[in-house]
Structures are given as structure tokens and as C-alpha cells.
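Colleague: I would like to learn how to read helices, pockets and cavities in a model. Could we go through one together?

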Amino acid sequence: TRDVRSLSESDVIRYSMARRQGDSQIIGIPEGRTVRDRTIECDLLALDRALNWGTRERNETGRRLLKENPWYGIKFPKEKNTRRPVMTHTSFLELVEVADRVHPLLKLALEVAEGTGRRISACINLKWDDVDFSAGTIRWRAEFDKKGYEDVVPMSDAVRAALQSRRRAQSAIGSAPVFPSPSNPDRPCSRYLLDAWLRRGYEEAGIPRQAGGLWHPLRRKWVTERKGYPVKDVAAAGGWRHEATMISSYMQVDSETVRRIVLQPTRRLVTA
């Protein structure tokens, strides 16, 4: 009902306060449901992108839909304590130990995600002809990459062993999915089904699941364990297109690395 040209900073403030308080008068927000600043920022950024689009798009008369973005220069709420959990190797091993109780594909998904650092959406869309056992590589298809790039990356011995074992069990080759759906073997498994399996895996293992992540903690584990390698190469191996995103959102501080930095001997400068 609002003319977007009338939007101002006060609207950002009011909306942010209402979402933090779970105000039911905001369309689509159930009463009592409060959200964090990261969710609010994403909401506002979505509208901000639409406003920017309006400054470039023209109507049938050739005039731009908006002369300017009314939110230009306005700062949106920022999450000060962003939750980016990292799975520990102990938790990973405990989940692998109980995965077969849930479903054999859960174990494979854990091993492939932990060993490649790739998004679970890319993992579950693998086909057997993407896996080259003789060359020891995996092809990550562009259509399942967040940025639309295709990669061919070496696979570790652990990933190779897991995939070889699963292929023998499936007796599948070619374009057959590595993670077939239980209801239709010709189609890849649903991401939501794998999510449900992983939640059950946590219950079976009797370990708490960290808030703020399900599969991404494995991706953060992979990159955090590779500190010290050239950043550009780590990004290429894990499928990141921008090193800055990998460092800021995925690579996390860990106590062991901090300890080594503090205790490492240094050469002090000596003045002449």
C-alpha cells in the first residue's frame, strides 16, 4: 500500500523494532516470533535490491520506474554476534558412527561433505559420471554451483574409498545419482530429507546440535582446518569464488591456532 518513493530511514527503524519484538501487525510474521538482526538485514536487503532494480528499469514510455533509491546511504541492522558454528572432528566421527542406523546415504553425505568442503546441495546432485576414480577427481557441475561455475577437483583417499564402497553397493554407473532418492532412484535425494536424517543422527549420537547450522558447520570445519595454505588455493578447492567471503563467513578462529601464534618465538627488532 506504500509508494516506495516515500520510504525513509524511519521506516527501517520501525520495521526493525517490530520484527525484534515479534509484532503480529507485520504481514506474515506470527505473533510472538522474534528474529535476530541478520534476518532483519536480509529482509531489508531484498527490498533494497528491488529498489535498485527500479532505478534501472524503464516503463513503456521509457521513463525509469524510480529516479533514485530512497534508501540510498541508509544503514541496515547488522548482526554483532553472528552464529557460525564449526563442527568438531569428534562430533563428525560420532555422527558417522551412528549414520547407518538412520540411512546409509547419511554416512556417505557426511563423508563427502567433510572431505570436499562443498555445499550439501552440490554433493547430493553428484552423478556417477562426475566421479573419475582413475584420475582421482570429482566434477562439480555449474548448474548446482551457487555462482554457476564448473570445477574439476582432486578427491581425498577417504572420499574415494567412501564413493567406491557406495558404488559397489548401488551397482550404478553413468548418469545415475550418487545420492538416489529412496522413492525414485532416478532422481537425487531431497535436501530436506537429508536434513531430517542429520537431525536424527544427532539424536542417535546423543550429542547436541549447535544453533545456527546443520550442514554448513562441516563446510566451516573443512576450511578452518586448512589454515596456513594459500588462501586462493583453498578457495578453489572448496568452491569459493571470493576469498573474502570464505575468510569472513566460513574460516573461523580456533583455540589451537591462536595458542601457536601466541607461543611462537618472535624476532624482536633491535635498533642500531
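Colleague: Which residues does valine 231 touch, not counting residues up to four places away in sequence?

Modeller: Keep in mind that this is a predicted model. Valine 231 touches Glu243, Met246 and Ile247. Valine 231 has its place in helix α9. The C-alpha atoms of valine 231 and alanine 244 are separated by 9.4 Å, and these two lie 13 residues apart along the chain.

Colleague: Is valine 231 buried, exposed or partly exposed?

Modeller: Buried means a relative accessible area under 20%, and exposed means over 50%. Valine 231 has 33%, so it is partly exposed.

Colleague: How do I check the length of a helix, say α2?

Modeller: Count 1.5 Å a residue and compare the result with the distance between the end C-alpha atoms.

Colleague: Which residues of α6 are buried, and where do they lie around the helix?

Modeller: The general idea first. An α-helix has 3.6 residues a turn, so residues three or four places apart point the same way. In α6 the buried residues are Val159, Ala162, Leu163 and Gln170. Seen down the axis of α6, they fall within an arc of 95°, so they line one face of the helix. Asp157 and Arg168 are exposed on the other side of α6. The buried residues pack against α4 (104-116), β1 (131-132) and β2 (137-140).

Colleague: What comes after α6?

Modeller: Serine 171 follows α6, and its phi is positive, near 55°.

Colleague: Where do the buried residues of α2 lie?

Modeller: The buried residues of α2 include Ile40, Leu44, Asp48 and Leu51. Down the axis of α2, its buried residues fall within an arc of 130°, so they line one face of the helix. Arg49 and Arg56 are exposed on the other side of α2. Among the elements that cover the buried residues of α2 is α1 (9-21).

Colleague: How many residues of α8 are buried?

Modeller: Eight of its nine residues are buried, so α8 is largely enclosed by the rest of the structure. Among the buried residues of α8 are Pro217, Leu218, Trp222 and Val223. The cover over the buried residues of α8 includes α3 (89-102), α4, α9 (231-238) and α10.

Colleague: How is empty space found?

Modeller: Rolling a probe the size of a water molecule over the atoms shows where empty space is left. This structure holds one cavity of 30 Å³ or more. The largest cavity has a volume of about 110 Å³. Of the 15 residues that line the largest cavity, Arg118, Ala122, Trp140, Phe144 and Asp145 are the closest to its centre. The lining of the largest cavity divides into four nonpolar, three polar and eight charged residues.

Colleague: What lines the second largest pocket?

Modeller: The second largest pocket holds about 470 Å³ of space. It is lined by 14 residues, and Arg38, Thr82, Arg83, Arg84 and Arg220 lie nearest its centre. At least two residues of this lining come from each of α2 (37-56), α8 (216-224) and α10 (243-250). The largest share, three residues, is from α10. By class, the lining of the second largest pocket has one nonpolar, seven polar and six charged residues.

Definitions and conventions
Residues are numbered from 1 along each chain as its sequence is written. This is a predicted model: local features need pLDDT of at least 70, side-chain atom pairs count only at pLDDT 80 or more; totals for chains, interfaces and linings use all residues. Side-chain values use heavy atoms; hydrogens and water are left out. Buried means under 20% relative accessible area, exposed over 50%, partly exposed in between (1.4 Å probe, protein chains only). Helices (H or I, at least four residues) and strands (E, at least two) are DSSP runs, numbered from the N terminus. The arc is that of the directions from the helix axis to the C-beta atoms. Contact means heavy atoms within 4.5 Å. On a 1 Å grid over the protein atoms alone, a cavity is a set of points where a 1.4 Å probe fits but cannot get out, and a pocket is an open set with protein on both sides within 12 Å along at least five of seven lines; lining residues have an atom within 4 Å of a point. Grid points are joined across faces, edges and corners, and a volume is the space filled by probe spheres set on the points. Ala, Val, Leu, Ile, Met, Phe, Trp, Tyr, Cys and Pro count as nonpolar, Asp, Glu, Lys and Arg as charged, and the others, Gly among them, as polar. The expected span of a helix is 1.5 Å times one less than its number of residues.
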